[in-house]
Amino acid sequence: MFSKFTSILQHAVEALAPSLPLQEDFVYHWKAITHYYIETSDDKAPVTDTNIPSHLEQMLNILTQEERERESGETGPCMEYLLHHKILETLYTLGKADCPPGMKQQVLSFYTKLLGRIRQPLLPHINVHRPVQKLVRLCGEVLAAPTENEEIQFLCTVCAKLKQDPYLVNFFLENKNKKLEAAKDGGADLVKKDPSSPDTGQNQNPGEASPSSVHTTLPNSDNYNLVSSLLNLTKSPDGRIVVKACEGLMLIVSLPEPAAAKCLTENTELSQLLTDRLAQFYRALPQSMDPLDIETVESVNWGLDVYNLKEDAVAFAGKRALISFLSWLDYCDQLIKEAQKTAAAVLARAVRERFFVAIMEPQLMQTSEVGILTSTALLNRIIRQVTSEALLQETVYFLLGEETGPETPVGITQHPLRHRLIEHCDHLSDEISIMTLRLFEHLLQKPCQHILQNLVLRCLEERNYMENKQPEEREEREHMENGQPHDAVDLEEDPLFSDLSPDNRLSSPDWLSCSPPPSTEHTKPDGKTEVHKIVNSFLCLVPDEAKSSYQVEGTGYDTYLRDAHRQFRDYCGVCQRWDWRSSPKPFEKCNLDSPFFEGHFLKVLFDRMGRILDQPYDVNLQVTSVLSKLSLLPHAHLHEYLLDPYINLAPGCRSLFSVIVRVVGDLMLRTHRIPDFTPKLLLVRKRLLGLEPEGMSVDHVTLLEGVIVLEEFCKELAAIAFVKFHASTSTSP
């Protein structure tokens, strides 16, 4: 109480006394602090009972005022005094000893405010960065320490300063071999200088060091104490401290200095922190979770998740653990996204090896259907959430492998996880099939060329799915071959297509208003089939007696055009940097003699498509959704293989169109055996659209739902073909 009264009295005296020059006032306050240690005998009284905090605050105010009154970049006498008399070194020593109790907090606060308020660069001065480096080492030594808040504020201020001038980070790479030597020397300079020469604060002064020269004297075994201290504080029980420490790490990893990036990945435990905590949160998840809960839980940015035990428990079991996992995943993703390029690659590889391979792969390879479903749903959510290029690439390598060469039937097991995931698209459990198909659908929408190359494109590079015919032969050919072997029945001769009269070929004014001008040529000069022929081919695949959309308003072909246009535009934005060829590879440059294999992924999709009349409605929706995503891709070979019904398929090969043709053939044989087929089909469609209430059960409902999906899918493919043709003509010269 007496000391507080003394402090108040002192402030009153200072206010009434004539103002001293700034330097004298600054020296007065500093000497008042040093006199305390000379005169006092009670070193157990807390620092808040002394005048030290007040004197330190006055010193900061004087330094700020001095800088404000001088020209930018000019060092004043008060700052000269602070640098020359190594005041920061002395304060560091007092803070380390925490004498009087609470002094460490005062010192941390003084450093933080000094670096934050003074605009001129202070860290290049050896009498600043040396004590700052030492003070950094003191941070995070004790968890839940009373100084944690001041420690994290100080560290984040240093990080912000390094972000402004990244080259300064070299001052904070400390040689491990010299640590003991520095301790023996009582904190001797890493860069030697004449102790008698003052640090004036001006450039080229002997007391000012060059960060590059400091680093060149250091071997590769550097300590990155700034990172180590931040990592220690991420283990704090105080969530606010953890978030601030993570923010500091985010600033540090983004520094472009190669030496700092190398030290970050080789000599710190950052990658271990990321992967260990990711694994810890993953293991805390329940063994079984509803995939819908995993898919629909709100997206939470790291550091912003709010803990509410009651609400989380009411929602679903494991929601809190799931949000914690997704929140940390988001942090890892953002950290790698911001990181210097080489550091990002190393950190992403660590996540792949220590989390994906070590933790997730066994879960995905297990035989328990419940476990497969939960782990696949979690993987699906991870894929949706990852945005950093480096982490996405490592995730894709983990799932699909790094192979880009042609795929062969005997080589599909080369990467066991890829093989297992593709097989899960055709699993006995419909839930697993749907979830895995959804996973691949999300993969196909990611901006990573390797996904498409590995799954599909590497099988189509040589165009050996086609039989090489001369252009003259193609022009003479009026009828396509169904995508079947040469001895197959021609479409026009096939009774399935006997109803393709001119009236059924979309010759209405609505179609003509949006179609390209009619041409007398069967193909364009570049060999592409005219778009109206392709569109009609898909629209007329399903015979009239199996169609039901024309009896329900708002389900026409035109409803797909808008969505196709938007999705194709989005895909073009993603794929334009991949330098895909705009036209197919010339036949003379293709190896047509090599046997064609559609690839494991397309094989499973085509097999599923071939069973569309016998599969559940939800499975069919997901299969067609994946195929439509592939059809939207602006790749010449993929477009030709999936969307051109008029190509000459090589013997034994199939395309998407030929698969649908076979399905339609099966459909026509089966519809004649179902009484009242058309009314039942219309009823099922209306129920699916919610236009009719659920009533009496309808027999053959799986087949009827399959027919509806087939009709809608053909309309979607027709819309995609038209939109892609329109885009190619509008961009061509």
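1. A residue is called buried when its relative accessible area is under 20%, exposed when over 50%, and partly exposed in between (1.4 Å probe, protein chains only). By this rule, buried residues make up 52% of the 733 residues in the chain.

2. This is a predicted model, in which local features need pLDDT of at least 70 and side-chain atom pairs count only at pLDDT 80 or more, while totals for chains, interfaces and linings use all residues. Residues are numbered from 1 along each chain as its sequence is written, and side-chain values use heavy atoms, with hydrogens and water left out.

3. The chain has 33 helices and 2 strands; these are DSSP runs (helices H or I, at least four residues; strands E, at least two), numbered from the N terminus. Taking a contact as heavy atoms within 4.5 Å, 79% of the contacts between residues at least 6 apart in sequence join residues at least 24 apart.

4. The largest nonpolar core contains 211 residues. Such a core is a set of buried Ala, Val, Leu, Ile, Met, Phe, Trp, Tyr and Cys residues joined through side-chain atoms within 4.5 Å. Helix 33 (residues 701-731) gives the most to this core, with 16 residues. Leu 91, Phe 154, Tyr 224 and Phe 355 have the most contacts inside the core. Helix 18 (residues 341-364) and helix 20 (residues 389-400) pack at an angle of about 35°, with their axes 9 Å apart. Axes are lines fitted to C-alpha atoms, for helices over the stretch in contact, and angles run from 0 to 180 degrees between N-to-C directions. The residues of this contact divide into 12 nonpolar, 1 polar and 4 charged. Here Ala, Val, Leu, Ile, Met, Phe, Trp, Tyr, Cys and Pro count as nonpolar, Asp, Glu, Lys and Arg as charged, and the others, Gly among them, as polar.

5. The axes of helix 2 (residues 22-39) and helix 4 (residues 77-84) come within 8 Å and cross at roughly 35°. On the helix 2 side, the contact includes Phe 26 and Trp 30, and on the helix 4 side Tyr 81 and Leu 82. This contact divides into 8 nonpolar, 1 polar and 1 charged residues.

6. Helix 31 (residues 656-671) reaches 22 Å from its first C-alpha to its last, close to the 22 Å expected for its 16 residues; the expected span is 1.5 Å times one less than the number of residues. This helix is mostly covered, with 12 of its 16 residues buried, including Phe 657, Ile 660 and Met 668.

7. Two loop residues are worth a look. Trp 580, in the loop between helix 27 (559-575) and helix 28 (600-610), counts as buried because its relative accessibility is 16%. Its contacts beyond four places in sequence include Gln 449, Leu 457 and Pro 634. Trp 580 and Pro 634 lie 54 residues apart in sequence and 8.0 Å apart in space, C-alpha to C-alpha. Thr 147 is in the loop between helix 7 (126-138) and helix 8 (148-164) and is buried at 8% relative accessibility.

8. Some backbone details can be checked by eye. The peptide bond from Cys 99 to Pro 100 is cis, with omega near -5°. Lys 86, in the loop between helix 4 and helix 5, has a positive phi near 50° and is partly exposed at 30%. Asp 676, in the loop between helix 31 and helix 32 (677-688), has a positive phi near 55° and is exposed at 55%.
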